[in-house]
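Hello,

Here is the structure we talked about. Please open it alongside this message; my notes follow.

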Amino acid sequence: MRKECPLRARISTTAEQHFGHVTRAQLLALGVTAGWLRSQIRLGWLIPVHAGVYALGHVPRHGLARACAATLACGAQSAVSHSAAAAVWGPWPWPQTIEIIAPYERRRPGIRTHRSTTLTPTDIRVHQGIRVTSPVRTALDLQPRLSDPQLVRLVNDLRVAGHLRSGAFVALCARSRRVDRLLGGAGDVPERPTRSWLEDAFRRFTRRHGLPMAKINAILPHNGREVDALYPEQRLIIEVDSWRHHSSRASFERDRDRDADALAHGYRTLRITAERLTRGGAEEAARIRRILELA
């Protein structure tokens, strides 16, 4: 047993670099014999997760660990991709099945694999310790699956998080006519990204009803506060609310205090609910148009 302690320590150190996982090749490189490996599997210290990939002591269930194990199973040139890549970058829920992309065919049970001959070094990043497709490549891979609102939300979440800065966003627009059409064009100064699906809904609402486009996520000059939308010439603030995010007394009081402060500086606030954007939109648009005209 004493001889095994240093070996186990070295294995544990290796596994710590991979969210609690180690590969058969790494074990053999550390001096493990096939017989010792089989004995540790029987004892439950090494738990098979994928072919040639083992968890130490227990199988981690969180997304990053599952993604790391999948890349270990698929080889050094593989990377987390598609919906799993979006989850690594942050704006997407973890899928039940991890997706992996590689320049070669590699099928593994429990992993959804994609073979691509167009992967370049710029398409791959290391984020949170995991090889993953770049934000640009992730959006390109996912766009065939997404509706326009979903694609807008994905791209804007990546922008807000700082993963798609101006140069990368321009590159994405150049590679995707659809993103270019939806979010502003590679040759133009892009609009500020929205932060929620409600703001996306308001932007679609104004276009659908031919309203002037407000400045989204604008900053008020007198206090630096960010508002959902602003018509600066008319000094009109638009806040798009949902009951889910404004159902507490503290939120109710805070919103009214902000409205009063804005009014004290000459800015009126119109609060629109998600319900009014989606139902009776023509009536709401006529109301906003009338307010803008009176201003």
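Axes here are lines fitted to C-alpha atoms, for helices over the stretch in contact, and angles run from 0 to 180 degrees between N-to-C directions. Please keep in mind that this is a predicted model.

Start with helix α6, residues 135–142. 8 of its 8 residues are buried, so the helix is largely enclosed by the rest of the structure. They run P135, V136, R137, T138, A139, L140, D141 and L142. What do they pack against? Their partners are α5 (82–89), β5 (98–102), β8 (130–133), α7 (148–160) and α8 (166–175).

Now take α5 against α6. Their axes come within 9 Å and cross at roughly 140 degrees. The crossing is left-handed. From α5, the residues involved are H82, S83, A85, A86 and W89. They meet P135, T138, D141 and L142 of α6. By class, this contact has 5 nonpolar, 3 polar and 1 charged residues.

Next, look at T133. This residue is found in strand β8. Is T133 buried or exposed? Its relative accessibility is 0%, so T133 counts as buried. The T133 side chain makes a polar contact with the side chain of T138, at 2.8 Å. Beyond four places in sequence, T133 touches residues including H82, A85 and W89, which also belong to the α5 side of the helix pair. T138 and D141 of α6 are among the contacts of T133 too. Others include A79, V80, S81, I101, D123 and I124.

Best wishes

Key
Residues are numbered from 1 along each chain as its sequence is written. This is a predicted model: local features need pLDDT of at least 70, side-chain atom pairs count only at pLDDT 80 or more; totals for chains, interfaces and linings use all residues. Side-chain values use heavy atoms; hydrogens and water are left out. Buried means under 20% relative accessible area, exposed over 50%, partly exposed in between (1.4 Å probe, protein chains only). Helices (H or I, at least four residues) and strands (E, at least two) are DSSP runs, numbered from the N terminus. Contact means heavy atoms within 4.5 Å. A crossing is left-handed if the near helix is turned anticlockwise from the far one by less than a right angle, and right-handed if clockwise. Ala, Val, Leu, Ile, Met, Phe, Trp, Tyr, Cys and Pro count as nonpolar, Asp, Glu, Lys and Arg as charged, and the others, Gly among them, as polar. A polar contact is a pair of N or O atoms within 3.5 Å; within protein, one must be able to donate a hydrogen and the other to accept it, and residues adjacent in sequence count only if both atoms are side-chain atoms.
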